[in-house]
Structures are given as C-alpha cells and as structure tokens.
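Trainee: I have a model open and would like to work through it with you. Where do we start?

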Amino acid sequence: MAAEWQERAKCRGQDPERWATANLPSASRRAMAALMQCDGCAVWRECGFAALEMTDFNGMVVAGVAFPEGTNKIRHARKVLRVRLGLPATEPRAEMPNHCADCERPLVAYRATKLPKAHARYHGHGLCVGCYSAKRRGVAA
Ligand code: SF4
Ligand SMILES: [Zn+2]
C-alpha cells in the first residue's frame with residue numbers, strides 16, 4: 001500500500017527509467033544529475049527516511065541520491081543520504097535493550113564481569129543468550 005506522501009511524489013506516474021542510475025551520466029556529473037532528478041520534490045525527506053529502511057531500491061535515484069548496484073556503492077550512498085537528511089553519516093550501532101524480548105529478564109552486556117541475580121547476558125537480536133540459543137535450536141525457552 002502506498003504511503004500518503006507517495007501521492008505527492010514528483011516521480012509519481014513518471015517513467016521509472018528516468019530514476020534508474022544506469023541512465024545517469026558517469027563520474028563527476030553523476031551526483032548533480034541525481035540531485036536534479038528529485039529537485040523540487042515536496043516529499044524528498046519522507047522518501048529519504050523511507051529509503052533508509054528499505055533495501056530494494058538498488059539501481060535507482062532516491063531522494064536525490066544515486067543508489068547504484070553493489071554493496072560498497074550502496075554503503076556510500078546511504079552515508080550521502082544520511083548526511084542529506086541531517087543524520088550522522090555513520091549508522092548507529094544497534095543498542096542493547098533493557099530487557100530480553102522473550103523472557104523479559106533485565107539484560108547486562110555479554111562481556112559484563114558481574115551477572116546480577118535474575119539478570120541475563122545479552123546475545124543480540126533483542127534476546128538474552130539463553131533465549132537466543134533456544135530459538136536457534138527451535139525450542140521454546
Ligand atoms: S525524492 Fe525523488 S525518488 Fe523520492 S519521491 Fe521525490 S522524486 Fe521520487
Ligand atoms: Zn531471554
């Protein structure tokens with residue numbers, strides 16, 4: 001389902017080929033051409049924030065930034081877009097939640113020297129070590 005802002009997109013109803021990175025000029029004129037492609041779009045910020053959440057726009061110009069195919073190029077394009085949106089260029093590290101998403105025990109860092117009573121060590125993906133390995137084994141914790 002299209003988001004409300006997409007109705008106001010400059011590219012709406014246009015030939016998507018015009019936003020394909022393959023059709024951009026090469027090298028030095030590329031970044032400017034990408035910028036011009038989305039110039040004047042009223043919803044470029046919404047588009048940009050949505051793009052940071054997605055992965056399937058490779059090969060397209062999004063929010064004035066070219067996202068050509070290729071992992072390193074995408075990584076660079078994400079940085080450019082983040083800066084354009086006023087975010088720090090580097091992606092934030094996923095933070096440890098306060099509680100395990102499964103057993104809800106309070107968490108301490110995996111390498112913490114002390115494990116207080118009723119706490120659990122954090123593994124990642126929102127889960128404590130026990131719940132994570134239980135999930136991997138495919139059994140309920
Ligand atoms: S910023 Fe560009 S890609 Fe995004 S909605 Fe506007 S015209 Fe389309
Ligand atoms: Zn747990």
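**The metal site and its surroundings**

Mentor: This is a predicted model. In it, the zinc ion (ligand 2) is coordinated at 2.3 Å by the SG atoms of C100, C103, C128 and C131.

Trainee: Which arrangement do the four donor atoms around the zinc ion (ligand 2) have?

Mentor: Four donors count as tetrahedral if all angles lie between 85 and 135 degrees. Around the zinc ion (ligand 2), the angles run from 101 to 115°, so the arrangement is tetrahedral. For comparison, ideal angles for four tetrahedral donors are 109.5 degrees.

Trainee: What spacing do the donors of the zinc ion (ligand 2) follow along the chain?

Mentor: The donors are C100, C103, C128 and C131. Written along the chain, their spacing is C-x2-C-x24-C-x2-C.

Trainee: Is C103 buried, partly exposed or exposed?

Mentor: Buried means under 20% relative accessible area and exposed means over 50%. C128 is at 0%, so it counts as buried, and C131 is buried at 2%. C103 has a relative accessible area of 30%, so C103 is partly exposed.

Trainee: How many disulfides does the structure hold?

Mentor: A disulfide is a covalent bond between the sulfur atoms of two cysteines. To be counted here, a pair of cysteine sulfur atoms must lie within 2.5 Å. The number of disulfides in the structure is zero.

Trainee: What distance separates the centres of domain 1 and domain 2?

Mentor: The protein is divided into domain 1, residues 4-84, and domain 2, residues 93-141. Taken over C-alpha atoms, the distance between their centres is 38 Å.

Key. Residues are numbered from 1 along each chain as its sequence is written. Chains are lettered from A and ligands numbered from 1 in the order in which they are written. This is a predicted model: local features need pLDDT of at least 70, side-chain atom pairs count only at pLDDT 80 or more; totals for chains, interfaces and linings use all residues. Side-chain values use heavy atoms; hydrogens and water are left out. Buried means under 20% relative accessible area, exposed over 50%, partly exposed in between (1.4 Å probe, protein chains only). Donors are N, O and S atoms within 2.8 Å of the metal (3.2 Å for Na, K and Ca); water is not among the atoms, so sites may look incomplete. Four donors count as tetrahedral if all angles lie between 85 and 135 degrees; four count as square planar and six as octahedral if opposite donors are over 155 degrees apart and all others between 65 and 115; anything else is irregular. Domain bounds come from an automatic or database domain assignment.
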